[in-house]
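The following briefing covers the pockets, cavities, sheet and helices of one protein model, grouped by topic.

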Amino acid sequence: MLTYTTYSEAGGVGKSTIGAALLEAHANHGLDVLAIDMDQQNGSLTYLLDVDAPRDDSQADNIVRHLIDRPKGPLEDLIHETESGFDLLPSHNMLENLEDLLNRAQQMADDLGEGDDFDPYDRLRQVLLESSIPQEYDVIVVDPPATAGPHLYNAVSATRSLVIPVEPTGKGMQSVLGLEELVDGLEDRLEAEIGVLAAVPNGVGRTSDQERYLTEIRDRGYPAPVAIRERSSLFEGCWDQQCTPRHYVEEYRDRQRDHEMETLEKIDQLATEIEEVDDR
């Protein structure tokens, strides 16, 4: 089974938009795909895909209740089918307080003498296994917010692999260096190897500086099979219409634009490359 986390330390690099496009591409390849939205922000996969989930209802069952061992029903009952051919376990506003809630749950487990069985940074993996959800899918992708914390740690612990959208700028390269330090720390804590399936340079222009950063990304050993040119119009259109890039081009553009079709082909190529890396 293919599992990975889409992550970037820098915000605004198209993490969720590229993630949605990859999810759709995997599904179009005939794979059963589940996305898990761990991002508490409004600009998350749940919003982008226009999934009607009770995000602000604290009494409703949601992913956080399962992570803190206070579910109100089966985890699979939370999963929504999307119009893009894959399933989504949606975000919930309780994710804003995830660290505090996990700490309280751990304290409760300690008080009951069950603390050794409760790892606050490994809860997502445990919950998925207990629900047998990995047996139902070929691909599981987790989308956490662009900050280090329990959302990311749980995502990486559950998937052990990363796909990292990168802005080819000095700021973007700093985020890559920060990510390397983060991965080293997570590998020590999880006592497991964490792989980078692909770096996705996004917003690549034709300046010499951006070409230099693109070369540096590849020289640092990151597989970067495709680089996506500046496509702000396409990506902003996705958020306006709440859909994936392919759906936006097919349903909302009055005509096909060659450069946008080229971008969709690159994303499909990237999804294929990621699937092949996982098979090796």
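In this predicted model, the second largest pocket holds about 280 Å³ of space. Its lining is made up of 16 residues, and those that lie nearest the centre of the pocket are Ile68, Asp69, Arg70, Phe118 and Arg123.

**Cavities**

- The count of cavities of 30 Å³ or more comes to two, and the largest cavity contains about 70 Å³ of space.
- Lining the largest cavity are Ala21, Glu24, Ala25, Asn28, Pro245, Arg246, Leu264, Ile267 and Asp268, a set that divides into five nonpolar, one polar and three charged residues.
- Helices α1, α10 (245-252) and α11 (258-279) each supply at least two residues of that lining, with α1 giving the most, namely four residues.
- The second largest cavity, with a volume of about 50 Å³, is lined by Tyr7, Ser8, Glu9, Ile164, Pro165, Val166, Ser175, Val176 and Leu179.
- Both β6 and α7 supply at least two residues to the lining of the second largest cavity, whose classes are six nonpolar, two polar and one charged.

**Helix α1**

- The 14 residues of α1 (residues 15-28) should span 20 Å at 1.5 Å a residue, and the end C-alpha atoms are 20 Å apart, which agrees.
- Helix α1 is mostly covered, since 13 of its 14 residues are buried, and Gly30, which follows the helix, has a positive phi near 90°.

**Helix α7**

- Helix α7 (residues 170-190) has 21 residues and reaches 30 Å from its first C-alpha to its last, close to the 30 Å expected at 1.5 Å a residue.
- Among the buried residues of α7 are Ser175, Val176 and Leu179, which also belong to the lining of the second largest cavity.
- The buried residues of α7 pack against α6 (150-159), β6 (161-166) and α8 (208-219).
- Just after α7, Glu191 adopts a positive phi of about 55°.

**Sheet**

- Eight strands form an open sheet with mixed pairing, in the order β3-β4-β2-β5-β1-β6-β7-β8.
- Strands β2 (residues 33-37) and β4 (residues 87-89) run parallel and are joined by three bridges; the bridge partner of Leu34 in β4 is Asp87.

Note on methods
Residues are numbered from 1 along each chain as its sequence is written. This is a predicted model: local features need pLDDT of at least 70, side-chain atom pairs count only at pLDDT 80 or more; totals for chains, interfaces and linings use all residues. Side-chain values use heavy atoms; hydrogens and water are left out. The expected span of a helix is 1.5 Å times one less than its number of residues. Buried means under 20% relative accessible area, exposed over 50%, partly exposed in between (1.4 Å probe, protein chains only). Contact means heavy atoms within 4.5 Å. On a 1 Å grid over the protein atoms alone, a cavity is a set of points where a 1.4 Å probe fits but cannot get out, and a pocket is an open set with protein on both sides within 12 Å along at least five of seven lines; lining residues have an atom within 4 Å of a point. Grid points are joined across faces, edges and corners, and a volume is the space filled by probe spheres set on the points. Two strands pair if DSSP finds at least two bridges between them. Ala, Val, Leu, Ile, Met, Phe, Trp, Tyr, Cys and Pro count as nonpolar, Asp, Glu, Lys and Arg as charged, and the others, Gly among them, as polar.
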